[in-house]
Amino acid sequence: MKIAVFNGSARQQNTAGLIEAFCEGAKEAGHEVDVYQVGKMKIAGCLGCEYCHTKGNGNCVQKDDLEKIMPAYKEADMIVFASPIYYFTMTAQMEAAIQRVYCIGKPAKATKAALLLSSGSPGVYDSAIAQFKAYMGYAGIEAAGVITANGDENKSEAKLNEIREFAKSL
């Protein structure tokens, strides 16, 4: 299975351990995994201009780093969103990368998706999880799992093993 991991963090240490553990488990299970550093990219929000659906044949009128990740959205069998939680939601960079998929409607091949969330505090995940589940429902993609880690859990071997085992099970 081809897996695209979108990292919404601009600072590697926020989600790096979670993503590394996921990649280890997925690769051990024989999956191909590519990680895209969305948090470091310049991706503007959707303009709602409808160019993509009227004249653009599924291509966005905006020319930015979305073009670097769009092939992954189109070709991946599974999509993983990994993001720190900033004030109860995924990062703005991740939000833009998700919303701009509007130009193609939904990922073409993906049948599964997962969500990895990191935070400094417990109990701050509800909004991001609800958005993820709603998006997957709309896109007809199985929400294969959601894993959250807060505070010291972000680096605990128990949490990292949980993520590795989850990735192996896919």
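Modeller: Start with the residues that touch: Gly17, Leu18, Ala21, Phe22, Glu24, Gly25, Ala26 and Glu28 in helix 1 meet Leu160, Ile163, Arg164, Phe166, Ala167 and Lys168 in helix 6. Contact here means heavy atoms within 4.5 Å, and helices (H or I, at least four residues) and strands (E, at least two) are DSSP runs, numbered from the N terminus. Sorted by class, that contact has eight nonpolar, two polar and four charged residues. For the classes, Ala, Val, Leu, Ile, Met, Phe, Trp, Tyr, Cys and Pro are nonpolar, Asp, Glu, Lys and Arg are charged, and the others, Gly among them, are polar.

Before going on, keep in mind that this is a predicted model: local features need pLDDT of at least 70, side-chain atom pairs count only at pLDDT 80 or more, and totals for chains, interfaces and linings use all residues. Residues are numbered from 1 along each chain as its sequence is written, and side-chain values use heavy atoms, with hydrogens and water left out.

Now for the geometry. Helix 1 (residues 16-28) and helix 6 (residues 157-168) pack at an angle of about 35 degrees, and their axes are 7 Å apart. Axes are lines fitted to C-alpha atoms, for helices over the stretch in contact, with angles from 0 to 180 degrees between N-to-C directions. The crossing of helix 1 and helix 6 is right-handed, meaning that the near helix is turned clockwise from the far one by less than a right angle.

Follow helix 6 and you reach the sheet: helix 6 lies across strand 4 (112-119) and strand 5, running at about 170 degrees to strand 5. The sheet is an open one of five strands in the order 2-1-3-4-5, with parallel pairing; two strands pair if DSSP finds at least two bridges between them. At the edges sit strand 2 (32-36) and strand 5 (142-150), each pairing on one side only. From one strand to the next, the twist averages 15 degrees.

Further in, strand 1 (residues 2-7) and strand 3 (residues 78-84) run parallel and are joined by five bridges. Take Asn7 as an example: its bridge partner in strand 3 is Ala82. Another helix belongs in this picture too: helix 3 (residues 66-75) lies across strand 1, strand 2 and strand 3, running at about 140 degrees to strand 1.
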